[in-house]
Amino acid sequence: MNRHIHFFSQKDSVPPRVKPELLGLRGREANELAELGLPILPGFILDTEIAAGIDPGAVKKDIRVLLDRCAAIVGKKYGDAENPLLFKVVISPNLAVSAYPALHNFGLVKGAAGAFARETLFLIRGMLKVEEKIKAREEITARLSMLDRALGIAGPSNELGTREKPVKIDKSAEFYRDEYAQYFPRGFFDSAEDQLLIGLAEISRMLRLEAQHNRDTALLIQPMVSGADSCAGVLFSRNVLTGERKIQGAFSPGKIGARHLKELQKIAWTLEDKFREIRRIGFAVENGRLWLIEQGPAEQKSAQADIKLLLDLEKRKIVDKAHVVKAIDPLRLNEILHPVIDTPSVRRLKHWKGGIAGAPGAAVGRACFSADRLLEARALARQKGEDQRFILVLKSSFAEDVKAIEVSAGVLTAEGGYAAHASVIARQYGKVSLVAPELKIKGKKARLGNFTFSEGDYLTLDVPFYGESILYAGAAKLIEPDPKESGLLEFIALVSELRAANTSGGRRFQIRANAESPGDAALALSFGAEGIGLCRTEHMFFRPDRLRVFRKMLLSDSEKERKQALAKLQVMQRDDFFRLFRVMAGKEVCIRLLDAPLHEFIPDAFHESNPMLGRRGCRIAVSYPEIYRMQVRAIFEAAYRLRKEKGAVRLEIMVPMVMNAAELKLIAYGKKIEGADYAGIADVEEALRKEKKERPPDYRIGAMVELPAAALGAAGIARYAGFFSFGTNDLTQTTLGISRDDFTPFMGDYTRFGLIPRNPFSILDDRVKELILLAVERGRLTRPDLVCGLCGEHGANPENIGFCMDAGLDYVSCSPYSAPVALLAAAQAELMRSGL
């Protein structure tokens, strides 16, 4: 027997000395079934050493022997006129994706009885594909097109989007053999043995002409199961959508029978345990006998299904926790965290493709072109018991739109990008966001190129983390996420447990969340967050009743009016902070004092030429110190109240938009100047403590580093800061001079010419990284115990997590819905560093 021809069956497998890559991918998968002693349909492999150089005369004797061995096992005879055993040839490259179809029905030659017209056409079609690649003749291509129509194989649509009708097969097998014999070498239809040898020689010739497959492709030859008493199917070892441990697929249980179904279930689980993944299994039943035809990994499967499988394997001690953690791409968790579209429901819907993903997921709702109209429509729908799902459609969003975003299903805007206001708010509330710069709104009509819709129309947003976003006209069916049922919460607990075990006794990199409400905080904790890294106090004023008071404070003509408004806001803030502290139960809570670009809150009454670099952040406190005094007093009143209830809080107070050390010193520790005193954070706390007769609380004052000047001046700033938090959205803007809200129109041009390789508001730019490294180094020279973190959606991108850990940061903070992604990315990075 030629040493490059290998037989396999339930009792025979390819010898271990043969390198697996010699068998090609499909050959390896077939041999894996043989190695497990499973009922694989027998066959043989011409390995990569000879597949591209077959000499029919040299292999004829060996192939005849192997055909007879297959026939003896199956119980049929190759070349038999009455009930022929047919074979298929599978071209088996080592690539996961093959450009070649399997060639079926070798053995249908002159003299074969029965109505084999359709089967003969399949054989002819497969061989014509080979001849087309060898000869590149237009006539062969035209013939193939006719065969595709005859066999009902989907071809390209015409310009109207419809397919041509199939051609009726109304001739005999003999007619088709005679009709097409001219395209094949002489004698192709004369005898079964010669037909297979000629076919193999032509396939080998084709491989030689395609250099990329020369010496990389094997040929797998296997019998076919056919006949009136046979049935076939494809199944998966478990449900590929839900992960339920029950076989799923396209087959008829009644034809297969209960005994074989039970056997298939056992085989499926054996393969799952062997390969530690969901497997696809092709099988057939003939004359009461079960045969496995092929097996391999399931290509299309949900993240939920994979997680359910891995958790099951870990419980049964087949894999360890480290394997579970390493097996899931962190970004795939977005599939579980957000709704997804049930694909069949959108097949007939008109659609528009494009835009920039602001927040992933899928959403359905009626279009509303303003926040007020959405809130009114939702209230009316609730009264009438109607559908309360709405999509907010705006040119751009501001603070007054936040309430509508919070209760909407999703938001579609024309301006901004991934880091724009609408996108950030949407991610915070777990909503879907799509930015479409082409969006034009006029009155009650909107247009995206040739795609138009009206206010009140149903829309479906499909914003995947990977791939192109789609806007559909109409309402799709959605599959809603269920963190508990999906296994996500159990998976998060396993990841956290592994991280704790691997970092016991040492300093652990934390995953924190951005949260301003008890609900968001509780959600973040359930998703694995270990603290709050950013509480944006201005977000606490987004509710309409609070927004009115906040605007009144900003627009006050006198200090007296401002103090009256601040008194009302202080009560609101104190109660908010108390509830937040209570939920966090002793975990870190970093509260950022007011950082409100004023144009977002009062766009019609306040104007600055460059508001993002105007009076925002701590600059407001320099001009109006009573604002921060109100917030600081509310923070410590809440902390003292919680202490009385035996609760604990690890408090961090962050000063935003710090430019230099003098700025932070003023706001943190105050200053006495002639004619006036400026009370800093420490002064306000001390005065309140004496008033309440409390003992000193445990807290830190820190700086938000979001300006290059702050990074360069980190050594001086660290004299007054117990921690640094890098606000990388603004740090990216101020380093690159690119507005996160306005870069979208020209970003495509910059990417096309390779001027900016990737979106800098998603993946940290090298210059921004350099500033972070420099600031950490200089800050810790001044204060060795300086805590450093990164807050913002850069912290949710797995590509940034490794850098943050290498840079010596102590944590990243991101939206609650992004926390599981960051948690898994951190766990994987730690495993890599530990060599596991």
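At 69% relative accessibility, Lys317 counts as exposed, where exposed means over 50% relative accessible area, buried means under 20%, and partly exposed lies in between (1.4 Å probe, protein chains only). Lys317 sits in the loop between helix H9 (303-315) and helix H10 (321-326). Helices (H or I, at least four residues) and strands (E, at least two) are DSSP runs here, numbered from the N terminus.

Before going on, a word about what you're looking at. This is a predicted model, in which local features need pLDDT of at least 70 and side-chain atom pairs count only at pLDDT 80 or more, while totals for chains, interfaces and linings use all residues. Residues are numbered from 1 along each chain as its sequence is written, and side-chain values use heavy atoms, with hydrogens and water left out.

Most residues other than glycine have a negative phi. Arg276 also has a positive value, with phi near 60 degrees. You'll find Arg276 in the loop between helix H8 (258-275) and strand E10 (279-286). With a relative accessible area of 38%, Arg276 is partly exposed.

**The whole protein**

Now zoom out. The protein has 30 helices and 34 strands. Its C-alpha atoms fill a box of roughly 115 × 60 × 50 Å, taken along the principal axes. There are 836 residues, and 55% of them count as buried. What share of the contacts with a separation of 6 or more comes from residues 24 or more positions apart? That share is 69%, with contact meaning heavy atoms within 4.5 Å.

**Rings, and charges over rings**

A search of the whole structure finds 17 aromatic pairs. One of them joins Tyr78 and Phe87, whose ring centres are 5.2 Å apart with planes at 90 degrees, so the pair is edge-to-face. To count as a pair, rings of Phe, Tyr and Trp (its six-membered ring) need centres within 6.5 Å; planes under 30 degrees apart are stacked, over 60 edge-to-face, and the rest tilted. Are these two partners buried or exposed? Tyr78 is buried at 12% relative accessible area, and Phe87 is buried at 0%. Elsewhere, ring pairs link Phe184, Phe188 and Phe189 into a cluster.

Asp178 belongs to helix H5 (residues 173-180) and counts as exposed, at 51% relative accessibility.

Some rings have a charge sitting over them, which calls for NZ of Lys or CZ of Arg within 6 Å of the ring centre and within 35 degrees of the ring normal. Here are two such cases.

| Charged residue | Ring | Distance to ring centre |
|---|---|---|
| Arg69 | Phe7 | 3.9 Å |
| Arg245 | Trp269 | 3.8 Å |

Asn105 is in strand E6 (residues 103-106), and is buried at 6% relative accessible area. Leaving aside neighbours within four places in sequence, Asn105 is in contact with residues including Phe87, Phe122 and Met224. Asn105 and Gly53 are 52 residues apart in sequence and 23 Å apart in space, C-alpha to C-alpha.

Ile479 is in strand E24 (residues 478-479) and is partly exposed at 30%. Not counting residues up to four places away in sequence, Ile479 touches Leu241, Pro339, Val340 and Asp342. Between Ile479 and Thr343 there are 9.9 Å in space, C-alpha to C-alpha, and 136 residues in sequence.

Finally, which residues does Ser725 touch, not counting those up to four places away in sequence? They are Met654, Ala703, Met704, Val705, Gly789, Cys791 and Tyr811. Ser725 lies in strand E32 (residues 723-727) and is buried, with a relative accessible area of 0%.
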